[in-house]
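Me: Hi! I would like to learn how to read the surroundings of a ligand. Could you walk me through it?

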Amino acid sequence: RAQDAAAGEKDFVVCRSCHQIGPTAKNAVGPVLNGVVGRKAGTIPGFSYSEANRNSGLTWTPEELDKYLTSPQTVVPRTKMIFPGIKDETKRKNIIAFLEQYGPD
Ligand code: HEM
């Protein structure tokens with residue numbers, strides 16, 4: 001929902017230290033997140049992923065993203081996303097709604 005996405009934009013502030021999103025986004029500490037929802041893990045062009053992420057076999061469905069954002073290291077052991085996770089379920093859902101607004105192009 002649009003309302004959730006607007007809240008998610010605010011919660012996404014903790015992600016912005018490493019990730020860019022939107023029309024002018026570039027890979028940084030983390031990969032660009034445009035089009036990440038529904039995408040196979042480790043496939044954003046031009047980003048140097050960890051082997052753990054690249055070989056995870058995951059697809060970033062909203063359900064999988066919800067688990068990952070709860071505890072990245074649990075879902076992808078040895079990922080180089082060094083982030084403790086978001087414990088608040090509403091915040092995770094809102095962030096995912098925000099990410100869903102951005103397609104691959
Ligand atoms: C990877 C989302 C916070 C650094 C990823 C991926 C997602 C994601 C979906 C997987 C991308 C893919 O497989 O193509 C988020 C969200 C965040 C967040 C929504 C906030 C809630 C952070 C922070 C950092 C970071 C704070 C840096 C301290 C990275 C790195 C990767 C990554 C380095 C690549 C992981 C690897 O290759 O193992 N992030 N992230 N992320 N993120 Fe984040």
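Reply: Gladly! A polar contact is a pair of N or O atoms within 3.5 Å; within protein, one must be able to donate a hydrogen and the other to accept it, and residues adjacent in sequence count only if both atoms are side-chain atoms. Here, a polar side-chain atom of N53 lies 3.3 Å from an oxygen atom of the ligand, and one of T79 lies 2.7 Å from such an oxygen. G42 uses a backbone N or O atom, 2.9 Å from an oxygen atom of the ligand. This is a predicted model, where local features need pLDDT of at least 70, side-chain atom pairs count only at pLDDT 80 or more, and totals for chains, interfaces and linings use all residues. Residues are numbered from 1 along each chain as its sequence is written, and side-chain values use heavy atoms, leaving out hydrogens and water.

Me: Which protein donors does the iron atom of the ligand have?

Reply: Donors are N, O and S atoms within 2.8 Å of the metal (3.2 Å for Na, K and Ca); water is not among the atoms, so sites may look incomplete. In this model they are H19, through NE2, and M81, through SD, lying 1.9 to 2.1 Å from the iron. H19 lies in the loop between α1 (2–11) and α2 (51–54) and M81 in the loop between α4 (72–75) and α5 (89–99), so the pair ties together parts that are 62 residues apart in sequence. Helices are DSSP runs (H or I, at least four residues), numbered from the N terminus.

Me: Is H19 buried or exposed?

Reply: Buried means under 20% relative accessible area, exposed over 50%, partly exposed in between (1.4 Å probe, protein chains only). H19 has 13%, so H19 is buried.

Terms used:
Helices (H or I, at least four residues) and strands (E, at least two) are DSSP runs, numbered from the N terminus.
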